[in-house]
Amino acid sequence: MTGTGGPARDTGRTDQRRTDPERRALWEPGDHILWRYRGHAPAPAGGAAFHICRPVTVVQDTDELLAVWMAPGTECVKPQLADGTPVHEEPLATRYTAPRTTTRARWTGNGVLKLAQPGLPWSVWLFWEHGWQFRSWYVNLEEPRTRWSGGVDSEDHFLDISVYPDRSWLWRDEDEFDQAQRVGLMDARTARAVQEAGRAAVEVIRSWGAPFCDGWEHWRPDPGWRVPVLPADWDRLPGRQAA
C-alpha cells in the first residue's frame, strides 16, 4: 500500500455526507490536521489547555476510520516541567504534581501511523524500525476524540497496550496509571472505565479484529506529501462538532 492505502473509500457515502449539513465533512487524503491532547498536570496560570499537538497528514477518513500519518521531522508540541526537565526524567512521585509548560520539538523517530475508529476510547498507532521493518502496534487508551474543523482533540488515559507481529501483547504504563489516581488526576469511576476499555481492546486483539487484521503494517506514505507545519495558534479553542 502507498498513499491512501487501507480499505477503499465509499465514494457514494462520502458525497452524501458532504452535501448533508447535519453531518460532518470528511477530510481528503493529503489534508493537514492537528491531533491534540488536553493536559492533566498543573500548568502555569493562563497555560495552554493542550499539552500535546501533532500536525498530521490525513491518509483516510470514512465513517469507520480516521487514519493519519505523522512524518519524521514534524514539529510538535510536547509537555515539559516548568524548569525545563523532560517529563520522563522526573521521578514518578512528582511527575504529575510538578508545574508544567510546553515546548516545541521535532519528532526524531520514524513516522507514526495513527488509526482511530469513531467513538472508541482508544486509538491504534503503528511503529516501524528503519527500512520499514514493522515493529509493533500501540493501543493508546484515551477519551473518544472530539472532531473539529482543524483536527481531533482527546485526553490521554495513561494506560496503554503494546501489540507485536506474533500477536502477543502486554500492558504499558501501569505505574503512571496508578500514580495518576494517587495524585487525583483520575477518579475511581474514570479509572474503572479506562480499565474496562482496556479489557475491550484486549478482546479485539485476541480475536485479531480491526485494525490489526487490515494490513496497515504494509502501508507506505505518498512520497509527494510534504511535512505539515505547526501553526502559531496550535492551541486555539474552536467551536467543536460532534464526533
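Accessible areas here come from the Shrake-Rupley method with a 1.4 Å probe, and for residues only the protein chains shown count as cover. On that basis the accessible surface of the protein comes to about 11800 Å², with 49% of it belonging to carbon and sulfur atoms. The model is a predicted one, in which local features need pLDDT of at least 70 and side-chain atom pairs count only at pLDDT 80 or more, while totals for chains, interfaces and linings use all residues. Residues are numbered from 1 along each chain as its sequence is written, and side-chain values use heavy atoms, leaving out hydrogens and water.

Of the 243 residues in the protein, 44% are buried (under 20% relative accessible area, with exposed over 50% and partly exposed in between; 1.4 Å probe, protein chains only). Taking contacts (heavy atoms within 4.5 Å) between residues at least 6 apart in sequence, 63% join residues at least 24 apart. The secondary structure comes to 4 helices and 12 strands (DSSP runs numbered from the N terminus: helices are H or I, at least four residues, and strands are E, at least two).

As for the cysteines, a search of the whole structure turns up 0 disulfides (a disulfide being a pair of cysteine sulfur atoms within 2.5 Å). C53 has its closest cysteine sulfur in C76, and because the two sulfurs are 7.6 Å apart, they are too far for a bond. C53 counts as buried, at 0% relative accessibility, whereas C213 is partly exposed, with a relative accessible area of 44%.
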